[in-house]
Amino acid sequence: MTGWGSGYITDIAYLSGWYRQQSPGLLALACLMNGVETAMPAGDDPVHVLELGCGQGYAALLLAASNPTWRITAVDFNPAHIAAARAWAAEARLENVTFLEADLATLAEDRAARMIPEADFVTLHGLWTWIAPAVRDGIVRLLRDKVRPGGIVHVSYNVLPAWGPRIGMQRLIHDAGRVLAGRSDRQAEEGIKLAQSLLAAEAINLRLPASTGQMLEQLGSLPVAYLAHELMNENWQPCFMADVAAAFAGAKLEWVGSSNLIENFPALTLTAPQQAVQQRFDDPLLRELVKDMCIDRALRHDVFVRGVRRITQPVRDAALLDVILGMSVPADELPLEASIPAGKVELSRAFYHPVAQAMADGPRRTKDLLQADHVQGRKDNPAELIGILVGLGFAEPAVRLGVGPGAAAIRLNQVALRRMLRTENINRPVAAASLRMGTAMPLTLLELFVAEQARQGNTDALYVGELLGMAAHQGQTIDSIIQTRLPVLRAAGVF
Ligand SMILES: C[S@@+](CC[C@H](N)C(=O)[O-])C[C@H]1O[C@@H](n2cnc3c(N)ncnc32)[C@H](O)[C@@H]1O
């Protein structure tokens with residue numbers, strides 16, 4: 001610890017990651033799906049996004065590059081994070097993103113806060129349950145001042161009771177790790193090894209329930225920077241959803257739903273007997289507690305709104321018909337069955353396959369998808385189409401129809417490639433900025449490289465492989481990316 005982190009680690013930089021649940025389009029869609037009046041971000045709207053605890057700023061950079069008319073402000077107290085984020089922004093010549101080095105415990109009262117405009121969207125990913133109570137209080141004061149009426153806030157956090165049985169595991173890793181090693185990442189590694197040896201020695205509170213043992217076995221294979229930020233903070237404390245809702249009420253924020261869209265559908269989340277218990281309550285927070293008792297979900301992605309305006313189902317459905325969707329997987333890869341918290345859901349091939357095919361050349365409005373050629377099935381339920389395709393991660397809400405890749409998006413993708421190819425594993429998950437989508441498309445570093453080569457006119461798998469120093473047999477992997485992934489990325493406007 002360096003002394004200024006209020007218990008949050010500061011000696012190891014966090015890793016760059018993109019989490020689709022933070023995307024403003026998805027957040028607005030989560031509100032609409034839950035019957036809350038919201039304008040989907042569109043065209044040249046002057047949207048302001050505020051990210052709190054932005055790490056090295058990858059998400060903020062991707063949103064800025066994908067939306068040149070938006071303003072993005074991203075805050076972190078770690079100067080190494082802010083320096084890295086600013087360096088990327090300068091290299092990609094992004095002028096619509098500001099990275100602010102500030103402590104969220106006091107930012108609301110700081111002069112620097114005057115630089116932050118009212119926000120349409122605020123996102124806090126991986127922050128709330130990892131920080132001291134004084135920092136959480138500071139965040140609520142900042143939200144009270146900076147979220148515009150009607151604005152949307154996303155917060156992810158470790159939730160109880162799912163984390164309950166694993167609290168001992170974290171405490172053991174944290175406390176033992178601090179004795180066994182110096183730097184936070186090494187502490188996490190040593191703490192995990194110790195906990196794993198205790199699991200092998202049949203420690204009952206690591207072995208039961210099974211989810212703790214499974215998690216402990218998997219932890220060792222995760223990146224050390226992630227483990228350090230996940231496990232080595234002094235104030236990490238999972239909490240109940242109602243406690244977050246109570247804290248956010250201090251900023252006049254009301255809980256609306258989840259940005260994991262599937263979780264907004266009781267029928268897809270809970271069994272029939274579980275739903276019967278849930279339906280005994282009108283209070284949404286109590287209904288969420290019942291849900292949290294029933295599903296094994298350690299991280300919640302909640303959406304709050306300041307000034308909820310309810311709309312009727314016909315009004316909601318009319319708005320959903322205008323939502324633009326783009327595919328993130330090839331139509332041929334749409335499964336006929338998918339896993340959901342309540343078990344399995346079947347996807348009618350006669351309905352979903354033609355819908356997905358209709359997006360082969362680019363995003364389309366939901367109303368056009370429902371009327372596309374050969375679609376067989378219910379054409380009057382946009383919420384189901386969107387809930388399944390977006391909820392299962394097969395499609396994303398898009399912001400702009402018929403625009404090209406976007407100069408800023410191309411520049412950022414090139415910067416990401418230049419920098420990450422030097423240091424990162426080629427199969428690492430990253431994301432590509434896209435003006436058409438107005439958000440980032442998840443893909444691997446290798447896929448990003450192949451897409452950039454295709455943009456430059458190179459689609460010869462052997463040649464592209466040679467550029468990476470790959471052996472000839474690995475050309476097959478590149479060939480399969482060219483055949484199956486490039487059409488999706490082209491349709492999404494990545495190149
Ligand atoms: C787990 S990381 C998440 C980063 C980013 N949101 C992501 O998902 O990649 C949490 C971040 O919060 C920052 N942080 C922790 N306490 C903070 C504070 N008091 N003020 C500002 N930033 C803080 C850390 O430096 C770290 O970058």
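## Cysteines

The structure, a predicted model, holds zero disulfides, a disulfide being a pair of cysteine sulfur atoms within 2.5 Å. For Cys239, the closest cysteine sulfur is that of Cys294, 19 Å away and too far for a bond. Cys239 is buried, with a relative accessible area of 13%. Cys54 is buried as well, at 7%. Here buried means under 20% relative accessible area, exposed over 50%, and partly exposed in between, with a 1.4 Å probe and protein chains only.

## Basis of the model

Residues are numbered from 1 along each chain as its sequence is written. Because the model is predicted, local features need pLDDT of at least 70 and side-chain atom pairs count only at pLDDT 80 or more, while totals for chains, interfaces and linings use all residues; side-chain values use heavy atoms, with hydrogens and water left out.

## Ligand site

The ligand is surrounded by 19 residues, and the closest are Gly53, Asp76, Asp103, Leu104 and His125; a residue counts as near if one of its heavy atoms lies within 4 Å of the molecule. By class, this shell has ten nonpolar, six polar and three charged residues. In that scheme Ala, Val, Leu, Ile, Met, Phe, Trp, Tyr, Cys and Pro are nonpolar, Asp, Glu, Lys and Arg are charged, and the others, Gly among them, are polar.

His125 uses its backbone, with an N or O atom 2.9 Å from a nitrogen atom of the ligand. The protein covers 97% of the 600 Å² of accessible area that the ligand has on its own. Accessible areas come from the Shrake-Rupley method with a 1.4 Å probe; for residues, only the protein chains shown count as cover.

## Helix α8

Helix α8 spans residues 210-219, and its buried residues are Ser211, Thr212, Gly213, Met215, Leu216 and Leu219. These pack against α5 (167-180), α6 (184-200), α7 (204-207) and α9 (224-231). Helices (H or I, at least four residues) and strands (E, at least two) are DSSP runs, numbered from the N terminus.

## Buried charged residues

Arg297 lies in the loop between α13 (284-294) and β7 (299-306), and at 8% relative accessibility it counts as buried. Its side chain is joined to that of Asp292 by a polar contact of 2.5 Å. A polar contact is a pair of N or O atoms within 3.5 Å; within protein, one must be able to donate a hydrogen and the other to accept it, and residues adjacent in sequence count only if both atoms are side-chain atoms. Leaving aside neighbours within four places in sequence, Arg297 is in contact (heavy atoms within 4.5 Å) with Val159, Ala162, Glu263, Glu288, Lys291 and Asp292.

Asp317, in helix α14 (residues 313-321), is buried with a relative accessible area of 14%. Asp317 and Asp380 are 63 residues apart in sequence, and their C-alpha atoms are 8.6 Å apart in space.

## Backbone geometry

Most residues other than glycine have a negative phi, and most peptide bonds are trans. A cis peptide bond joins Leu160 and Pro161, with omega about 5°; Pro161 lies in the loop between β5 (147-158) and α5.

Ser6, in the segment before α1 (24-33), has a positive phi near 50° and is partly exposed at 41% relative accessible area. Glu202 also has a positive phi, about 70°, and is placed in the loop between α6 and α7.
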